[in-house]
Amino acid sequence: MTSVLVVAAFAAAYVLIATERIHRVAAALSGAAAMVLLGVVDARVAFFSEKTGVDWNVIFLLLGMMVIVSVLKQTGVFDYLAIWSAKRTRGRPFATMVMLVVITAAASALLDNVTTVLLIAPVTLLVCDRLGLPPVPFLIAEALASNIGGTATLIGDPPNIIIASRAGLTFNDFVVNLAPIVIILMVVFIGLCRVLFRSAFTYDPERVAALMALDEREVIRDRGLLLRSGIVLVAVMVGFVAHSALHIQPSMVALLGAGALVALSKLDPPEFLEEVEWPTLVFFMGLFVMVGALVEVGVIGRLGTLLTEAVGDQYLLASSALLWGSAILSGIVDNIPYVATVTPLVQTLVGAGGGAGQANALWWALALGADLGGNSTAVGASANVVVIGIAARAGHPISFWRFTRYGSVVAVVTIAVSWLYLYLRYYSFG
Amino acid sequence: MTARKLAQPFPLVTPDSDAMEAARTMATQHLPGLIVCGEDGRPYTILPGSQVLRFLIPSYVQDDPGLAGALDEAASDELCRKLVHSTVRDLLPRPQDLDELPVVDVDATSLEVAAVMARMHSPVVAVVDDHDGGIRVIGAITVSRLLDHMLPTAPAS
């Protein structure tokens with residue numbers, strides 16, 4: 001009976017999160033509170049259990065990266081890079097778009113996607129304004145590129161952080177397995193941009209002077225801070241790459257990096273905490289308690305057994321279903337609660353396969369599906385919603401369907417290419 | 001001293017007034033804002049100088065003020081040309097975001113005027129005279145005028 005009530009409470013909270021009838025943080029906390037009231041969750045289960053409690057590695061990795069981004073933002077380095085690269089293209093529209101999407105994808109691999117588009121969108125509007133180009137195709141392309149680029153690393157997208165923590169995967173596991181396909185996807189994506197946004201590439205040589213007159217050096221607000229931040233960021237990346245050898249969790253690497261930057265930047269708390277999204281962190285905590293309750297009452301275990309029996313050794317079929325299913329669902333609902341819920345099930349399937357390469361590839365199918373699926377609709381990823389908001393404020397509204405028209409094409413093509421990659425790497429030659 | 005005595009002649013504009021002219025009036029007369037009157041001559045809002053700047057400065061520079069450093073004087077001139085062929089209506093916020101007009105009666109004391117300014121965060125208040133059932137703006141009081149009146153005279157050094 002308790003299991004039924006827990007599933008009902010979970011489903012109700014999930015519907016509230018998906019439909020956004022109330023704020024997602026309130027929905028997740030209500031779901032968590034319901035689990036406590038049902039007697040399934042207590043302080044030990046919620047706070048101290050690695051299996052059923054709040055995943056503090058995820059929370060503190062996110063917190064650390066948010067602090068690092070807060071400090072980096074103060075330097076103006078993103079504005080500098082965007083203006084510098086646009087000037088290198090001498091105002092040729094397609095080349096400018098390529099530069100901007102590559103910067104966005106690379107930054108998204110190292111930082112949070114939403115932060116990346118928040119940093120790159122204003123300077124994109126400036127560049128388009130100078131060149132007399134319509135900014136909407138550029139902004140849409142950047143949102144899509146941020147979701148693709150974020151797929152490449154453990155820290156690039158929150159679903160990857162959840163997967164890594166729950167699956168015990170390292171930073172290098174993500175780089176080795178996902179970065180190659182993300183590079184391929186970016187090449188494909190740039191080709192798609194050439195076709196999808198072709199009407200935006202009108203070159204006006206007379207406007208180039210306005211772009212070349214921009215002085216990118218002036219946007220660097222604090223050169224000393226930029227240097228110190230750069231050194232710490234490199235150290236953090238080295239820490240991520242070497243974290244398994246150093247026996248230090250990615251969350252600790254991020255927190256140490258954040259602490260070093262706070263100490264070196266001498267910024268005040270409101271400044272170095274500016275990009276910390278407390279609601280997102282609390283949302284994660286609520287979700288972990290909700291999912292932990294499902295694990296605690298054995299629902300996840302039973303579902304995992306059923307799935308394991310159904311899948312057998314058909315891992316290609318399971319990977320394909322996971323990839324496409326995750327992509328479709330992530331286009332409709334937030335991919336964070338989806339991944340948080342599905343991760344224990346995938347863990348069971350991978351465990352049943354003895355952690356072999358073909359079974360392990362299920363993690364990459366989940367990450368690719370959940371991360372890239374967000375591109376399929378205007379509300380599929382937070383970065384999309386943020387870009388639409390910035391565009392509207394700048395007087396360039398992007399309708400849901402306009403975004404979705406481009407995003408769905410990019411999502412279908414990138415997921416099809418990802419499926420081919422999974423098939424060739426893990427099931428054909430693996 | 002009452003508001004009637006503190007009030008100074010103040011330029012009034014309508015929503016259809018030329019935006020460039022309105023901005024120039026503010027600049028040349030060193031005014032913090034202008035009183036906007038409706039078609040019926042009744043004052044209904046203030047056009048503060050900051051709102052003119054919000055119209056001129058692109059949203060992306062407002063979002064990321066560091067970008068302003070990359071723009072040169074020519075770009076600044078280009079931005080100001082947005083006022084050409086614009087009206088005061090274009091400069092005003094959306095109707096639901098319009099500031100309530102800070103208004104005082106001609107008999108208001110200087111402290112009452114200060115209270116209205118402080119409550120509404122406004123550097124200027126319109127002084128109106130209820131005349132034969134109609135409301136007439138007789139002038140306005142700026143914060144500098146009010147402070148000049150209220151502050152004690154500085155001791156001779």
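**Group meeting: the A–B contact and the cores**

Let's start at the contact, where chain A puts in 17 residues and chain B 12 residues. In contact here means C-beta atoms, placed from the backbone, within 7 Å. This is a predicted model: local features need pLDDT of at least 70, side-chain atom pairs count only at pLDDT 80 or more, and totals for chains, interfaces and linings use all residues. Residues are numbered from 1 along each chain as its sequence is written, with chains lettered from A and ligands numbered from 1 in the order in which they are written.

On the chain A side, helix H5 (77-88) and helix H7 (113-131) each give two or more residues. Helices are DSSP runs of H or I, at least four residues; strands are E runs, at least two; both are numbered from the N terminus. H7(A) gives the most, 5 residues.

Next, the cores. A nonpolar core is a set of buried Ala, Val, Leu, Ile, Met, Phe, Trp, Tyr and Cys residues joined through C-beta atoms within 7 Å. Buried means 20 or more other C-beta atoms within 10 Å of a residue's own, again placed from the backbone. The largest core has 153 residues, and A:Leu362 and A:Leu366 touch the most other members. H7(A) gives the most here too, with 12 residues. A second, separate core has 33 residues, B:Ile46 among them.

Last, chain B. Strand S3 (residues 43-48) has 5 of its 6 residues buried. Strand S2 (residues 33-37) pairs with S3(B), antiparallel, over 5 bridges. Pairing takes at least two DSSP bridges. B:Cys37 stands opposite B:Pro43. The two strands form a hairpin with 5 residues between them, and B:Gly41 in the turn has a positive phi of about 85°.

Notes:
Contact = placed C-beta atoms within 7 Å. Buried ≥ 20, exposed ≤ 12 C-beta atoms within 10 Å, placed from the backbone.
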